[in-house]
Amino acid sequence: MLSGVFRRVFGAAALIASAAFVAPAAVDARTLDEILASGEFRVGVNPTLPPRALFNDKNEIDGFEPEIAGLIAEMMGVKLVLVQVGSPDRIPFVAAGKVDAVMGAMSRKVDRAKVIDFTVPLHSENYGIVAKPDSPITSLEDLNNENITLIQVRGTTAIPFIEQKLPKAKLILLDNYADRDRALTQGRGDASFDGIDSMPFRLAAFANTKWKIIPVPEWGITYSSLGVAKGNDTLKDWLNLAIYELHTSGAIEAAWEKWFLSPMASKVPVSPYF
Amino acid sequence: MNYTLQFGQVTPYLWYLAGGAWIALQLAVVAFIIGWAIGLVCASITEYGPKPARIAVRSYVVFVLNTPLLVQIFFIYFALPDYGILLDSYDAVLIGLALNAGAYMSEIQRAGFRSIRREEIEAAETLGFTRVQSIRYVVVPHILKVLYPPLSNQFIIITMSTSIAAIFGVEELTGRAYNINSITFRSLEVFSISAVYYIVLTIVASTILYTVGRYFFRIKGSVF
């Protein structure tokens, strides 16, 4: 009797496993012509990353990236459709063609570039340590300590660096920056090493908590771009030209200062060659 | 621009994912045991306890049954620290899963208590059974036979629910799948493999539960 049961069990397992391994091909990304023909430009933004994107008091997605995406759609002559994405799923969204381009603080990284393509830079990203004001932490070296717990967000740029260069630190990976900030405030960890550009905006939201922000310029600056599906050159080439014009007209810097409450810490070098 | 499946980029992480599956299984087993004990106490109080205790237990059960598990764990993880109770990620999720399971298993076990017919007890007394013998040979086997299938289903549900732990920083199977996804960006491959791990976990658990049920409680059923 049992042999019959096991035959059925293993038969079903084999069927399910084969179904998973023969997954259907993802939807194709749309070319520039297809976007223009449809009259809609679908852009992924992450509203858990204020002020890059956020929900405003009308519960609509707003912020720096939606504003830039709106300018790009206007130049394209189509309607902008914003799609909410998260840090872990933003790249799969564009790779699978669910959005035409993705923003959500898309730092250009070589690993990411194996899966998607990047436009020219939209803005710089500057990194640092966020800690409580009474914390003895003053540098990255201080974080590589088994008594230090870092609270980070899954899928973000600093994680591989922390795992390789700060192996002694304990790591708690949460789902978004709001949870990260709340967990830090509640004392679940000692610090976070991540982008600090948005901190003036975030500090305003957490008025009761005083933070110590330690810039770490030696870690390097990363540049964020729009991500497009691998090989979608028609769209990428057009976006490069649009972003160049938005830089030279001062529109990107103006939107940055409006939302981030201070000028971009490191300017993006703009070149007519790309 | 067709998407090309590349499982080779994910296969180096198979043992890492297996470690996550082990943590998920640990969470499920411990939450199930604690939840079963909570459920047994609550079911006993509901059926045989004094009125104030019954009201308290019913309030707990109604609250848990009518709110999402995710909200319950959010409350434990993010709201309790405001009252001075700071639990780490694993403990907060474990307590949330156990309290949630406890409410469901309270209802399951209450149904088990109610399934005992007075005639069964009277028949045992007629045959000269003492009270302890009646419980040992009539009541308990009857309740176990009635409770075993729904409790087995509850264990499978708890195993699936452990995936919520990823949101709270527990590096179980889903959390580790997210981590690999953020390195390789091979979502189809990563989550297909993690789905297979979950399927294997539940098939193994179902097979064990089926075998135990079949040979210890003479319950007829099937894994699928």
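These are my notebook entries on a predicted model.

**Ground rules**

I number residues from 1 along each chain as its sequence is written, and I letter chains from A and number ligands from 1 in the order in which they are written. The model is predicted, so I take local features at pLDDT of at least 70 and side-chain atom pairs at pLDDT 80 or more, while totals for chains, interfaces and linings use all residues.

**Entry: confidence in chain A**

I looked up pLDDT, the predictor's confidence in each residue, from 0 to 100. Chain A has a mean pLDDT of 86, and 90% of its residues reach 70 or more. Residues 1-6 of chain A have pLDDT below 50, and this stretch has one contact beyond near neighbours in sequence. Two residues are in contact if their C-beta atoms, placed from the backbone, lie within 7 Å. I also found pLDDT under 50 over residues 9-26 of chain A, where the model has 22 contacts beyond four places in sequence.

**Entry: backbone in chain A**

Most residues other than glycine have a negative phi, and most peptide bonds are trans. I then looked for exceptions.

Which peptide bond is cis? I found the one from P50(A) to P51(A), with omega near 5 degrees. P51(A) lies in the loop between β1 (40-45) and β2 (54-55) of chain A. Strands here are DSSP runs (E, at least two residues) and helices are too (H or I, at least four), numbered from the N terminus.

A105(A) has a positive phi, near 55 degrees, and is not a glycine. I place A105(A) in strand β5 (residues 101-107) of chain A. Is A105(A) buried or exposed? A105(A) is buried, because 24 other C-beta atoms lie within 10 Å. The cut-offs are 20 or more other C-beta atoms within 10 Å for buried, 12 or fewer for exposed, and in between for partly exposed, with C-beta atoms placed from the backbone.

L261(A) is not a glycine either, yet its phi is positive at about 65 degrees. L261(A) sits in the segment after α10 (251-260) of chain A. L261(A) has 14 C-beta neighbours inside 10 Å, so I count L261(A) as partly exposed.

**Entry: two helices in chain B**

I checked helix α5 (residues 118-126) and helix α6 (residues 131-161) of chain B. Their axes come within 10 Å and cross at roughly 155 degrees. Axes are lines fitted to C-alpha atoms, for helices over the stretch in contact, and angles run from 0 to 180 degrees between N-to-C directions. The contact involves E120(B), I121(B), A124(B) and E125(B) of α5(B), and S134(B), V138(B) and H142(B) of α6(B).
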